[in-house]
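The sequence and structure come first, and the description follows.

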Amino acid sequence: MKKIITLAFSLLFVGMNIYGQEVASTVVRCASDEYMKKMFEANPALKVQRQKDELLVQQGVDRLNSSKSAQMIFTIPVVVHVVYRTASQNISDAQVQSQIDALNEDFARLNADTVNTPAAFKPYARATNFRFCLAQQDTNGNPTNGIERRLTTTSSFSTNNGVKAYATGGLDAWDVNRYLNIWVCNMSGGVLGYGEFPLSAHTSTYGLVIQYNAFGRVGTLQATYNLGRTTVHEISHCFNLYHIWGDDGGTCGGSDYCPDTPNQGSENYGCRTYPYYDNCTTSGNGVMFMNYMDYSDDVCLNMFTTQQSFRMNSAMSQYYPTLLSSTACEAPTTGISNIDNYFNISAYPNPTDGIFNLDMFLTPSVIESLQLVVVDQTGRLIFEEKLSSPAGQVHQLDLRNQPSGVYTLTVFNDKVKRTFKIALVR
Ligand code: ZN
Ligand code: CA
């Protein structure tokens, strides 16, 4: 459902047109649902696959619910692609950093406004296990501040992903298996942002796009969307959260697959007064309009629930294990990219029914030993092996005792690292 609020008489949102005049405008808080619907229409198989994946996501959530151990904390390397046409769209490094700070507070539930979470909802509120950094090394292993900029001739970008490719006036994604890609630009139609849900077939469009003046919490900002929570919301879509009202057009049959969020008819705007009841929740604690997956103003959002936190954890372990183990938050080791040139590995046949041959081409003087690690789609370690003197070897990786499925193989030592998907089919 496309929801537009018109703020023609409000000073809260004032856009600049290309002649520099201030124009009243409309705001589309989030276009992710429409974006994914278009994607599924173009490729119906994607939707079928996601429905299959959902079972695995929920199995992972079940495991987290029954686990007594603390969740592992994952720090996600972020690259911010700033695509600008005017000086004000070229947001400062400080504005970018302020968004990372906001993410680290909100995802860790360290935000000062947790005091505004109603007492009745506090038992359901929970920190997630995600933290974020600006990438410290680029795709070639060279130093970076995690921010990339381009002056474009495109005055605004729509949800057709034009901003995600250099050829269409934007900037190309960095390897989605190692970086969370965020594009910041001027969006058309008053859209504040959209995120792509994770897909098991990885795309170079995975990530999120945010309107430049709704990004971060210092610098060039709209008054109502000035606490970085548009980005919190869109990243959550990228991490597999649905809208809290279930995207069912105001009825009560839709679900966000999180049993601890109250049933809700539609999205809320502005700032509701607690408790607020709607057509789906008419008594008790009311609806959770202060949840990051609703549409309330930034200042009124302050919580994720436990089940939302577990859902993101399960989904990302399943879809993007290599993003969770990416080392791009660390400053590059001197010379690593040179060594990289002398390291090559291939696994064949892939898929196989049990044994992979790992063909390793590498330089013995710099690579004395290698560690092999295989994890399944839930991120569970299923195999580990250390190889000494691997140079020139064809090593056999024996997974005959494992069930069919897709696994992630990581081969690494302190100087190099290669990660790839391998599949067992019987
Ligand atoms: Zn949304
Ligand atoms: Ca609903």
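## Two loop residues

Leaving out residues up to four places away in sequence, Asn291 touches Ile244, Thr261, Leu301, Met303, Phe304, Thr305 and Gln308, where contact means heavy atoms within 4.5 Å. Asn291 sits in the loop between helix 4 and helix 5. Helices (H or I, at least four residues) and strands (E, at least two) are DSSP runs, numbered from the N terminus. Asn291 counts as buried because its relative accessibility is 0%; buried means under 20% relative accessible area, exposed over 50%, and partly exposed in between (1.4 Å probe, protein chains only).

Tyr166 is placed in the loop between strand 7 (147-151) and strand 8 (180-185). With a relative accessible area of 48%, Tyr166 is partly exposed. Not counting residues up to four places away in sequence, Tyr166 touches Arg150, Leu171 and Asp172. The C-alpha atoms of Tyr166 and Arg150 are 9.1 Å apart, and the two residues are 16 apart in sequence.

## Basis of the model

This is a predicted model, in which local features need pLDDT of at least 70 and side-chain atom pairs count only at pLDDT 80 or more, while totals for chains, interfaces and linings use all residues. Residues are numbered from 1 along each chain as its sequence is written, chains are lettered from A and ligands numbered from 1 in the order in which they are written, and side-chain values use heavy atoms, with hydrogens and water left out.

## Zinc site

Cys30 (SG), His233 (NE2), His237 (NE2) and His243 (NE2) coordinate the zinc ion (ligand 1) at 1.9 to 2.2 Å. Donors are N, O and S atoms within 2.8 Å of the metal (3.2 Å for Na, K and Ca); water is not among the atoms, so sites may look incomplete. The arrangement is tetrahedral because the four donor atoms subtend angles of 98 to 119° around the zinc ion (ligand 1). Four donors count as tetrahedral if all angles lie between 85 and 135 degrees; four count as square planar and six as octahedral if opposite donors are over 155 degrees apart and all others between 65 and 115; anything else is irregular.

Along the chain, the donors of the zinc ion (ligand 1) have the spacing C-x202-H-x3-H-x5-H. His233 belongs to helix 4 (residues 229-238), and His243, 10 residues apart from it, to the loop between helix 4 and helix 5 (306-319). His233 is buried at 4% relative accessibility, and His243 is buried at 1%.

## Calcium site

The calcium ion (ligand 2) is coordinated at 2.3 to 2.8 Å by Trp245 (O), Asp248 (OD), Asp248 (OD), Thr251 (O), Gln264 (O) and Gly265 (O). Angles among the six donor atoms run from 52 to 162°, and the site of the calcium ion (ligand 2) is irregular. The spacing of these donors is W-x2-D-x2-T-x12-Q-G. Thr251 and Gln264 both lie in the loop between helix 4 and helix 5, 13 residues apart. Thr251 is partly exposed at 43% relative accessible area, whereas Gln264 is buried at 0%.

## Helix pair and chain totals

Helix 3 passes helix 4. In the contact, Gln99, Leu103, Asp106 and Phe107 in helix 3 meet Arg229, Thr231, Val232, Ile235 and Ser236 in helix 4.

The protein chain has seven helices and 17 strands. Of its 426 residues, 52% are buried.

Methods:
Left-handed = near helix turned anticlockwise from the far one by under 90°.
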